[in-house]
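Trainee: Please give me a close look at one part of this structure. Take it residue by residue, and keep the definitions with the terms.

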Amino acid sequence: QSGNDDSDGDGQTNRQEYVYGTLPNDRESKLSLLVLAGGVGSHTLRWQSETGRRYRLQVSPTLRTGSWVDSPAGPRQGTGALMIEAVPDGGLPSRGFRLLVEMP
């Protein structure tokens with residue numbers, strides 16, 4: 001098996017799962033960023049963190065290269081717990097979100 005394979009068919013490569021701290025042979029073990037219904041002036045996002053990983057939630061009004069910026073909370077250290085973050089909407093009708101995962 002190579003790092004480019006997706007051994008469990010969950011849409012994430014074995015290499016991605018290694019970086020994310022998830023199990024490459026378990027279809028239910030994957031990184032998912034869930035955008036919950038936006039409140040007045042913000043969007044709430046959540047994801048399952050893994051110990052030993054650092055997370056950077058980024059926001060973009062256009063999804064174009066160079067338009068992504070870190071959320072106001074900045075990088076967060078994984079604890080193995082569910083992480084929840086409210087991100088101000090900046091007065092925009094829609095925004096894109098992505099989650100970057102870094103290993104130590």
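Mentor: Start with Leu63, which contacts Trp68 and Gly96 once neighbours within four places in sequence are set aside. Contact here means heavy atoms within 4.5 Å. The model is predicted, so local features need pLDDT of at least 70 and side-chain atom pairs count only at pLDDT 80 or more, while totals for chains, interfaces and linings use all residues. Residues are numbered from 1 along each chain as its sequence is written, and side-chain values use heavy atoms, with hydrogens and water left out.

Leu63 sits in the loop between E3 and strand E4 (69–70). Strands (E, at least two residues) and helices (H or I, at least four) are DSSP runs, numbered from the N terminus. Leu63 is not a glycine, yet its phi is positive, about 70 degrees. Its relative accessibility is 56%, so Leu63 counts as exposed. The scale runs as follows: buried is under 20% relative accessible area, exposed is over 50%, and partly exposed is in between (1.4 Å probe, protein chains only). Arg98 is 35 residues away from Leu63 along the chain, and their C-alpha atoms are separated by 9.6 Å.

Now the strand itself. Six of the seven residues of E3 are buried, so the strand is largely enclosed by the rest of the structure. Two strands pair if DSSP finds at least two bridges between them. E3 pairs with E7 in the antiparallel sense over seven bridges. With E4 the pairing is antiparallel, over two bridges. Here Gln58 has Asp70 of E4 as its bridge partner. E3 is also antiparallel to strand E5 (residues 76–77), again over two bridges.

Neighbours within four places aside, Arg54 touches Pro75, Arg76, Gln77, Leu100, Val101 and Glu102. Met103 is 49 residues from Arg54 in sequence, but 6.4 Å from it C-alpha to C-alpha.

Next, the core. A nonpolar core is a set of buried Ala, Val, Leu, Ile, Met, Phe, Trp, Tyr and Cys residues joined through side-chain atoms within 4.5 Å. The largest one has 13 residues, and those touching the most other members are Leu31, Trp47, Tyr55, Leu57, Val87, Leu99 and Val101. Two or more residues each come from helix H1 (14–20) and from strands E2 (42–48), E3 (54–60), E6 (82–88) and E7 (96–102). Beyond four places in sequence, Trp47 contacts Ser32, Leu33, Tyr55, Leu57, Arg76, Ala81, Leu82, Met83, Glu85 and Leu99.

Leaving out residues up to four places away, Glu17 touches Asp8, Asp10, Gln12, Thr22, Leu23, Pro24 and Ser29.
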